Amino acid sequence: MPTRSQDETRNLHILGTGRLPALEGGPGVGLLESFPNCYPRRPYVISISFPEFTSLCPVTGQPDCGTISVEYVPDKLCVESKSFKLYMFAFRNHQSFMETITNTVLEDLRELLAPCWCRVKGLFAPRGGTRIHVFAEEFKEMPEEQNQRVREAVRAWRSETDPHRP
């Protein structure tokens, strides 16, 4: 017989319903869902990578492809992964510069989650012989003790040679 964790799922509407939100309006924080962080006193890093990211150039309409990676230390909330995937899909027919996309993802996650720290990396495939990588990050204002603990967790995460390797 399966067991259940203490995870709060009452406010999740997309996961498991088969109902998908309309993506035609483009990306927006309204596509993202969150759930309560069960460990708000422990600074830990969550990393999400979307290696099939596509959007459109706002000038030429040509596709831009790449990987969007998000790393964050949650405070009270965590992003639900299926809603994040659908949010990323909403960029497919959206025309925007790579720099704007990366910063928009950071701003939307900041609005939804108010994380202690968040970094968004846009690692775009070369087009026209030029590779563009965009990094945007932000630390939240916190009490000094919490700030130090969060910054130490981020420092440890960054010191890993390959944080996704076991």
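**Reading a predicted model**

Modeller: Asp64 is buried, with a relative accessible area of 4%. Please keep in mind that this is a predicted model.

Biologist: Why does Asp64 count as buried?

Modeller: A residue is called buried when its relative accessible area is under 20%. Asp64 has a value of 4%, and therefore counts as buried. This residue is found in strand β3.

Biologist: Which residues does UniProt list for "active site"?

Modeller: An unreviewed UniProt entry lists Cys57 and Asp64 under that heading; such annotations may be inferred rather than shown by experiment. Cys57 is located in the loop between β2 and β3, and Cys57 is buried, with a relative accessible area of 8%.

Biologist: Which residues does Cys57 touch, not counting those up to four places away in sequence?

Modeller: Cys57 touches Gln62, Asp64, Gln95 and Arg127. With neighbours within four places again left aside, the contacts of Asp64 include Cys57, Met98 and Arg127. Both lists contain Arg127.

Biologist: How should I read a nonpolar core?

Modeller: In soluble globular proteins, nonpolar side chains tend to be buried together. Here the largest nonpolar core has 28 residues, and those with the most contacts inside it are Val70, Tyr72, Val79, Phe84 and Met88. The elements that contribute two or more residues to this core are β2 (46–56), β3, β4, α1, α2, β5 (117–124) and β6 (133–139).

Biologist: Which element gives the most to this core?

Modeller: That element is α2, with seven residues. Apart from this core lies another, of seven residues, among them Cys116, Met142, Val150 and Val154.

Biologist: What surrounds Val70?

Modeller: Not counting residues up to four places away in sequence, Val70 touches several residues, including Ile46, Phe84, Leu109 and Val120.

Biologist: Let us turn to charged side chains. How many salt bridges are there?

Modeller: A salt bridge joins a side-chain nitrogen of Lys or Arg to a carboxyl oxygen of Asp or Glu within 4 Å. By this rule the count comes to seven. One of them pairs Glu71 with Arg119, whose closest N and O atoms are 2.5 Å apart. This pair links distant parts of the chain, for Glu71 is in strand β3 and Arg119 is in strand β5, 48 residues apart.

Biologist: Are Glu71 and Arg119 buried or exposed?

Modeller: Glu71 counts as buried at 4% relative accessibility, and Arg119 counts as buried at 15%. Together with Lys121, Glu71 and Arg119 are linked in a network of salt bridges.

Biologist: Where does Glu137 find its partner?

Modeller: Glu137 forms a salt bridge with Arg158, with the closest N and O atoms 2.3 Å apart. Glu137 lies in strand β6 and Arg158 in helix α3 (residues 144–159), 21 residues apart. Glu137 is partly exposed, with a relative accessible area of 39%, and Arg158 is partly exposed at 38%.

Biologist: What separates Arg155 and Glu152 in helix α3?

Modeller: They are three residues apart in helix α3, so about one helical turn separates Arg155 and Glu152. Their side chains meet in a salt bridge (3.2 Å, N to O).

Biologist: Finally, with which side chain does the side chain of Asp75 make a polar contact?

Modeller: The side chain of Asp75 makes a polar contact with the side chain of Lys140 (2.4 Å). Asp75 is found in the loop between β3 (63–73) and β4 (77–79), and at 10% relative accessibility Asp75 counts as buried.

Methods: Residues numbered from 1 in each chain as written. Predicted model: local features only at pLDDT ≥ 70, side-chain atom pairs only at ≥ 80, totals over all residues. Heavy atoms only, no water. Helix = DSSP H or I, 4+ residues; strand = E, 2+ residues; numbered from the N terminus. Buried < 20%, exposed > 50% of the residue type's maximum accessible area, 1.4 Å probe, protein only. Polar contact = N/O pair within 3.5 Å; in protein donor to acceptor, adjacent residues only side chain to side chain. Core = buried A, V, L, I, M, F, W, Y, C linked by side-chain atoms within 4.5 Å. Contact = heavy atoms within 4.5 Å.
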